[in-house]
Amino acid sequence: MEQATSVKTEQAFQLADRVNRISVSPTMAVLQEAERYKAQGVDVADFGPGEPDFPTPEHIKRGAIKALEENRTKYTATPGIAPLRQAICDWHAKQLGSSYQPAECIVTVGGKHAIFNVVCSLINAGDEVVIPAPYWVSYPDIVKYAGGKPVFIPTRADDGFVLRAADLEKAITPRTRIVIINSPSNPTGAVIPPDEFAKLLEVCRRHGVWLLSDECYSHFVYGDARPFSVASLPDAKSGIIIAGSFSKTFAMTGWRLGYVLGPPQLIGAITKLQSQSTSNATSIVQYAALEALRGPMDSVSAMLAEYARRRERILAGLRAIPGITCNAPLGAFYVFPNISAHLNADMPSDTVAAKQLLEREYVAVVPGEAFGAPGYLRISYATSIDRIDEGLRRLNHFFGSAK
Ligand code: PLP
């Protein structure tokens, strides 16, 4: 009798191959562990979050409240309300120099959903997707979910973690369908220079491969750099797909809103997929997003100025720790120090280092292995200067005593 019950239970939990092929996002796993400590009242120096610590700007919040008051709470068209699709095209043209029309735009439930929809609409079993490493954790799993094969190209710290066209050329095979490029990059903060982007696009076009550009951090670039989109290059629409997100630019991670810009046939395919899955993005969020795009951009500049200040602080602090080397990130809000000089028999990997850091010093970081970069840690500086100073103090103590 007991045996029959256990067999039944096993059958009930037999999962689909497509789900068994993927794993829970490792960044989420770290966040959860840090949350567990915080819930116990522990003072965690939390360098884990991949999200702004700023609140959503007032005018955007008011947009959502107004939409609620006006009862804009019904289904919308699957690809999004017409004024938002237009506003995304207008904003992208003004900010990033592209020239898309609403038929080339679909509103999605976040940037991750945008990438998921693109990959699921284009990839057949066994198709290859080229991903430069270090990479954002979700790319390989989304590709695997779709039945495709991630093909990684290592990039080098001493070359600024920039994907080079010559390396891309070597990685392309007859099965390659997409190259995913994320500039500024999570986790390295690398920014691909426009002339290298042009070369990468030329390689993609010559081989009939899509260049999927993830512009999640487009507006967070430091120094003299300006936000750049590959879609601003001459004749750029051909061969390019843009995945955009409201999450970081407008401090709207919890609202879940993103978009895809690409050829109408692809937008049509994604609309079909979305019509059978999420349907439209939340109606009131779409109206709030209209305010984000039509309103002032000063909150974005204010966040960037604060990130720039924190970047200086964390970089100087990390570089002062013996044995740690760290590139200056050119964009996004992460630093990616190399800690391999500190690895030894007691601390054989960055994953063990991240675990020990949390357990011994209550510092939350994400191990580099999660991003395909063993020997590194990802540290988010989307946290206050005070918390950065406290975290640095603990990191100093940890790596000082770990020797
Ligand atoms: N792309 C990159 C590189 C990211 O880091 C993230 C979020 O962390 C996303 C896309 C997706 O963001 P969202 O789904 O919140 O729009």
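Lys66 and Glu70 are joined by a salt bridge (a side-chain nitrogen of Lys or Arg within 4 Å of a carboxyl oxygen of Asp or Glu), and their closest N and O atoms are 3.6 Å apart. Lys66 is partly exposed at 48% relative accessibility, and Glu70 is partly exposed at 40%; here buried means under 20% relative accessible area, exposed means over 50%, and partly exposed lies in between (1.4 Å probe, protein chains only). The model is a predicted one, in which local features need pLDDT of at least 70 and side-chain atom pairs count only at pLDDT 80 or more, while totals for chains, interfaces and linings use all residues. Residues are numbered from 1 along each chain as its sequence is written, and side-chain values use heavy atoms, with hydrogens and water left out.

In total, the structure holds 26 salt bridges. One of them links Glu35 to Lys38, with 3.3 Å between the closest N and O atoms. Both residues belong to helix 3 (residues 26-39), where they sit three residues apart, about one turn of the helix; helices are DSSP runs of H or I with at least four residues, numbered from the N terminus. Glu35 has a relative accessible area of 41% and is partly exposed, as is Lys38 at 31%.

The salt bridge between Arg206 and Glu202 brings their closest N and O atoms to 2.8 Å. Arg206 is partly exposed at 47%, and Glu202 is partly exposed at 40%.

How values were computed:
Helix = DSSP H or I, 4+ residues; strand = E, 2+ residues; numbered from the N terminus.
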